[in-house]
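This briefing goes through one protein model from its overall layout to its core, its helix packing and a few backbone details. Please keep the sequence and the coordinates at hand while reading.

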Amino acid sequence: MKIVSFKFENMKKKPFIDLNPNGRCPAIEDPNTDLVLWESGAIIDYLIEQYDTSHIISYETLKEKNHCKQWLHFQMSGQGPYFGQAGWFTVLHSEKVPSAIERYQNEVRRIHGVLDEWLRERKWLVGDKITYADLAFTTWNDRSDAVLECAPEDKFRGFPHLQDWHERMTSRASWKAAMSARARLMDEQGLTWNGMPNGINTLAEYEAKIKADEEAAATGGPAAEGSK
C-alpha cells in the first residue's frame with residue numbers, strides 16, 4: 001500500500017479530481033482490481049468485502065454483517081457530519097458563532113451518549129470482537145476535545161463506557177502506527193493537527209494564502225508567508 005500525501009490546494013485540481021470529482025479526501029486506486037473509489041464509507045465497504053475474506057474485523061452471519069453496516073452508516077450520517085460541523089465552527093471558521101457552536105457541540109455529546117448507552121453492557125458495537133464498525137468511529141472520537149473545546153482528559157466526561165471502548169482501540173499497536181504515519185505525512189506538508197499549515201489559523205487565512213501564492217507564481221513574485 002502506498003499513501004500519497006499532497007497539499008490542500010491541490011484537492012480541487014487535476015490529477016486528483018480525475019479520481020474524485022468531488023475534490024475531497026480520501027480516494028483509493030486498487031491496482032489489484034483496477035478500481036478507483038471515493039467516499040470513506042464506500043471505501044471501507046469495498047476493503048472489507050474484497051480483503052477481509054477471513055472476517056477478522058467483520059462477520060459473515062446475517063445479523064452481525066448487517067449490524068456492522070448499520071453502525072457504519074450511523075458513523076457516516078451522524079458522527080462524521082456533526083463532528084465535522086462542530087470542528088468547523090470551533091476551530092476553522094473565521095468568526096465565532098455561539099449558536100452554531102452550541103448546536104453542533106450538543107450533537108457531538110448526543111452521539112457520544114448513543115454510543116455510551118449501547119456499550120453499557122458490551123465491549124464492542126457488534127458481537128464479541130472488534131470490527132470495522134468500531135474502528136470507523138475512532139478518529140473523530142479522538143478529536144472530541146478539539147471540537148468540544150475541552151481538555152483531552154475531559155473529552156469523554158460523563159461517558160465512561162465510550163471512553164473504555166475508545167481506549168481499547170487506541171491502545172492497539174496498529175492505531176499507534178497509523179497515527180505515527182499520519183503525523184509524519186502531515187509534517188512533510190508543513191501541516192498542524194487540524195490540517196492547516198503552520199502559522200495559519202483559519203480556512204479563510206489559508207485560502208487567502210493560496211490565492212496570493214497562485215498570483216505570485218503567475219507574476220514571478222515571492223510566495224506569501226503564513227500569518228504570525
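The protein has 10 helices and two strands, where helices (H or I, at least four residues) and strands (E, at least two) are DSSP runs numbered from the N terminus. This is a predicted model, in which local features need pLDDT of at least 70 and side-chain atom pairs count only at pLDDT 80 or more, while totals for chains, interfaces and linings use all residues. Residues are numbered from 1 along each chain as its sequence is written, and side-chain values use heavy atoms, with hydrogens and water left out.

**Overall layout**

- Along the sequence, the elements of the protein follow the pattern α-β-β-α-α-α-α-α-α-α-α-α.
- Taken along the principal axes, the box filled by the C-alpha atoms of the protein is roughly 60 × 45 × 30 Å.
- Of the 228 residues in the protein, 34% are buried, a class that means under 20% relative accessible area, with exposed over 50% and partly exposed in between (1.4 Å probe, protein chains only).
- Among the contacts (heavy atoms within 4.5 Å) in the protein with a separation of 6 or more, 56% are between residues 24 or more positions apart.

**Nonpolar cores**

- The largest nonpolar core has 31 residues, and those with the most contacts inside it are Trp71, Leu115, Leu125, Phe137 and Trp165; such a core is a set of buried Ala, Val, Leu, Ile, Met, Phe, Trp, Tyr and Cys residues joined through side-chain atoms within 4.5 Å.
- Two or more residues of this core come from each of helix H3 (62-92), helix H4 (98-118), helix H5 (132-136), helix H7 (144-148) and helix H8 (160-170), and H3 gives the most, with seven residues.
- Another core, of six residues, lies apart from it and has Leu92, Met196, Leu203 and Ile210 among its members.
- Tryptophan 165 touches Leu115, Leu119, Lys123, Trp124, Leu125, Asp134, Phe137 and Asn141, when residues up to four places away in sequence are not counted.

- The 21 residues of H4 should span 30 Å at 1.5 Å a residue, and the end C-alpha atoms of H4 are 30 Å apart, which agrees; the expected span is 1.5 Å times one less than the number of residues.
- Within H4, the buried residues are Ala100, Ile101, Tyr104, Gln105, Glu107, Val108, Ile111, His112, Leu115 and Asp116, and what covers them includes H3, helix H6 (138-142), H7 and H8.
- An α-helix has 3.6 residues a turn, so residues three or four places apart point the same way.
- H4 and H8 pack at an angle of about 80° with their axes 7 Å apart, the axes being lines fitted to C-alpha atoms, for helices over the stretch in contact, and the angles running from 0 to 180 degrees between N-to-C directions.
- That angle makes H4 roughly perpendicular to H8, since angles of 65 to 115 degrees count as roughly perpendicular, those under 35 as roughly parallel, those over 145 as roughly antiparallel and the rest as oblique.
- His112, Leu115 and Asp116 of H4 meet Pro160, His161, Leu162 and Trp165 of H8 in this contact.
- By class, the contact of H4 with H8 has four nonpolar, two polar and one charged residues, where Ala, Val, Leu, Ile, Met, Phe, Trp, Tyr, Cys and Pro count as nonpolar, Asp, Glu, Lys and Arg as charged, and the others, Gly among them, as polar.

**Backbone details**

- Most residues other than glycine have a negative phi, and most peptide bonds are trans.
- The peptide bond from lysine 14 to proline 15 is cis, with omega near 10°, and proline 15 lies in the segment before helix H1 (16-19).
- Cysteine 25 and proline 26 are also joined by a cis peptide bond, with omega about 5°, and proline 26 is found in the loop between H1 and strand E1 (27-30).
- Histidine 55, in the loop between helix H2 (40-51) and H3, has a positive phi of about 55° although it is not a glycine, and at 23% relative accessibility histidine 55 counts as partly exposed.
- Glutamate 149, in the loop between H7 and H8, has a positive phi of about 55° although it is not a glycine, and at 45% relative accessibility glutamate 149 counts as partly exposed.
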